[in-house]
Amino acid sequence: GVTRHYKFNVKLKTITRLCKTKSIVAVNGKFPGPRVVAREGDRLVVKVVNNSPKNVSIHWHGIRQLRSGWADGPSYITQCPIQSGQSYVYNFTITGQRGTLFWHAHFSWLRATVYGPLIILPRRNESYPFVKPYKEVPILFGEWFNADPEAVINQSLQTGAGPNVSDAYTFNGLPGPLYNCSAKDTYKLKVKPGKTYLLRLINAALNDELFFRIANHSFTVVEADAAYVKPFETDLLVLAPGQTTNVLLKTKPQPPNATFYMLARPYFTGQGTFDNTTLAGILEYETPSDSSLKSRKLLKPGLPAINATNVVANFASKFRSLANAKFPGNVPQKVDKKFFFTVGLGSSTCPKNQTCQGPNGTKFAASMNNISFALPTTALLQSYFFSKSNGVYTSDFPAFPLHPFNYTGTPPNNTLVTNGTKVVVIAFNTSVEVILQDTSILGAESHPLHLHGYNFYVVGQGFGNFDPNKDPAKFNLVDPVERNTVAVPSGGWVAIRFQADNPGVWLMHCHFDVHLSWGLRMAWIVLDGKLPNQKLPPPPSDLPKC
Ligand code: C2O
């Protein structure tokens, strides 16, 4: 591979959307941010200069970061934020991945405007395991706030209430014609008939899982989270925040001026409020057109009901890894360590002499195994590497719930979480299984769980409570999909497995930013192995300090 250099200049940008002009944090004056392109095996060197007044750090979402954990990017986990006027060089190699990922800010809610595509092409002498596309088009799904996104989450954290919802969804930063004052900001995908397009779809929305459809068209899904999948046809796509998918779109002969709506709308089963708007873009055919075909006006596709959980589960079950001679995969067949994590909402007590607007006068919180993860004031990876904790974290994150209950039945009366900076420490190369179980506390909801530093295999999923006596017999250990983000079904569970071959500190969290901010996160510490190439090297000298 080669080394590719990029420079990210993080600074404020004035932008108008929905008839409101505001200042946002952006990279290189672009919204969405610049495209980063590399081939498998290449090294990326990205110098991030923070010329904005905010703290920032950049996460390369889905990149394995094999023995390069210092470049992973989550603030207070692998690094302290890059302060205003400071810079940091992210330096990492892309190993064993090809497809679409994205990069985004990993501080507060800055990723609302600080994000862009991260495209990994196959090695120079390799081709796609599917037909060579005529053109490749990245489409980022985003979420737009008229207010300052950081102010929105800070208000929620102070008052304990749910945050204000976004004002629009966007395709590549454009809300489109169904919003007031937005028709001129419409994303148009221009195509020619009789060609195959590779759409690189990225859900960079903050808090919403999205359905996506284009009228009169269907897709062939070929890749998810930068790993190839067995191709399958579908006219409906579902992407949770943090998920990326490559699909082929075959264009057909069309009458002159043929246009079709492409729509996206949330899937939601929770009890709070959410942005219930519909995003539209336009698929527009360029000539040659076929004038023997009857012309028709702009068609709108139908979309499933907002809470169509079965549609979502059925879609998720279609993903299978290639599991062939060239891409055999690496599903752990036996497990060294088993974990069971509940994921869901909860509440925390209201501080004295404050009024809180969350459930029953408390503050909204979110947890795994009832632990709401408190961010430390210095980066975990630094304290682990240099002082083996020094009181910054404790290694007692519970492997199983301390007080089991009927997770999908009537929730317990006591919904209070425990706050702490708790981690799980595991030996190098442990094979790990985690059952992620949704809870009904304050409403069952789908949670997109994202793991840093690894891809995992989704070996099982189901509704209700996971049954350790029956469900493992149904696990797929042959061709389970390999991902970095999986949606834990609303009122159900998923089982994931991974081989802990990457030493470092790795965050696992809900990729809804609201749940992340409320504490739905934990960290794994994967110890060094014995061999020199099984150890995490020391940090680069420009690593930001707290
Ligand atoms: Cu894309 Cu820690 O997240």
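Modeller: What follows is a set of questions on labels and the values behind them, for a model that is predicted.

Biologist: What makes strand 1 and strand 2 a pair?

Modeller: A pair needs at least two bridges found by DSSP, and strand 1 (residues 3-17) and strand 2 (residues 20-27) have eight bridges in the antiparallel sense, so the two strands count as paired. Within this pairing, Ile 15 stands opposite Lys 22 in strand 2, and in the hairpin, which has two residues between the strands, Leu 18 takes a positive phi near 50°.

Biologist: How is the chain divided into domains, and what do you know of the contact between domain 1 and domain 2?

Modeller: The assignment gives domain 1 (1-128), domain 2 (130-321) and domain 3 (337-534). The centres of domain 1 and domain 2, taken over C-alpha atoms, are separated by 22 Å, and the contact takes 26 residues from domain 1 and 34 residues from domain 2. On the side of domain 1 that touches domain 2, strand 7 (99-105) and strand 8 (115-121) each supply at least two residues, and the largest share, five residues, comes from strand 7. The residues of that side divide into 14 nonpolar, eight polar and four charged.

Biologist: Which residues does UniProt list as "Plastocyanin-like"?

Modeller: The unreviewed UniProt entry lists residues 10-124, 136-286 and 408-528 for this domain feature. In the model, residues 10-124 are 0% helix and 46% strand, with end C-alpha atoms 31 Å apart, while residues 136-286 are 7% helix and 47% strand, with end C-alpha atoms 16 Å apart.

Biologist: Why is Pro 376 called partly exposed?

Modeller: A residue is buried at 20 or more C-beta neighbours within 10 Å and exposed at 12 or fewer; Pro 376 has 18 C-beta neighbours inside 10 Å, and therefore counts as partly exposed. Pro 376 has its place in the loop between strand 22 (371-373) and helix 3 (380-387), and, leaving aside residues up to four places away in sequence, Pro 376 touches Tyr 76, Val 392, Tyr 393 and Thr 421. Pro 376 and Tyr 393 are 17 residues apart in sequence and 7.5 Å apart in space, C-alpha to C-alpha.

Biologist: Why does Asn 369 count as buried?

Modeller: Asn 369 has 21 C-beta neighbours inside 10 Å, and because the cut-off for a buried residue is 20 or more, Asn 369 counts as buried. Asn 369 lies in the loop between strand 21 (363-368) and strand 22, and its phi is near 45°, a positive value in a residue other than glycine.

Biologist: Which residues of helix 3 are buried, and what do they pack against?

Modeller: Leu 380, Leu 381, Gln 382 and Tyr 384 are buried in helix 3, and the buried residues of this helix pack against strand 31 (504-510) and strand 32 (521-526).

Biologist: How do you know which peptide bond is cis at Pro 32, and what is the value at Pro 288?

Modeller: The bond that joins Phe 31 and Pro 32 is cis, with omega about -10°, and Pro 32 is found in the loop between strand 2 and strand 3 (36-39). A cis peptide bond also joins Thr 287 and Pro 288, where omega is about 0°; Pro 288 has its place in the loop between strand 19 (279-285) and helix 2 (309-316).

Conventions
Residues are numbered from 1 along each chain as its sequence is written. This is a predicted model: local features need pLDDT of at least 70, side-chain atom pairs count only at pLDDT 80 or more; totals for chains, interfaces and linings use all residues. Helices (H or I, at least four residues) and strands (E, at least two) are DSSP runs, numbered from the N terminus. Domain bounds come from an automatic or database domain assignment. Two residues are in contact if their C-beta atoms, placed from the backbone, lie within 7 Å. Ala, Val, Leu, Ile, Met, Phe, Trp, Tyr, Cys and Pro count as nonpolar, Asp, Glu, Lys and Arg as charged, and the others, Gly among them, as polar. UniProt positions are given in the numbering used here, feature names are shortened, and annotations may be inferred rather than shown by experiment.
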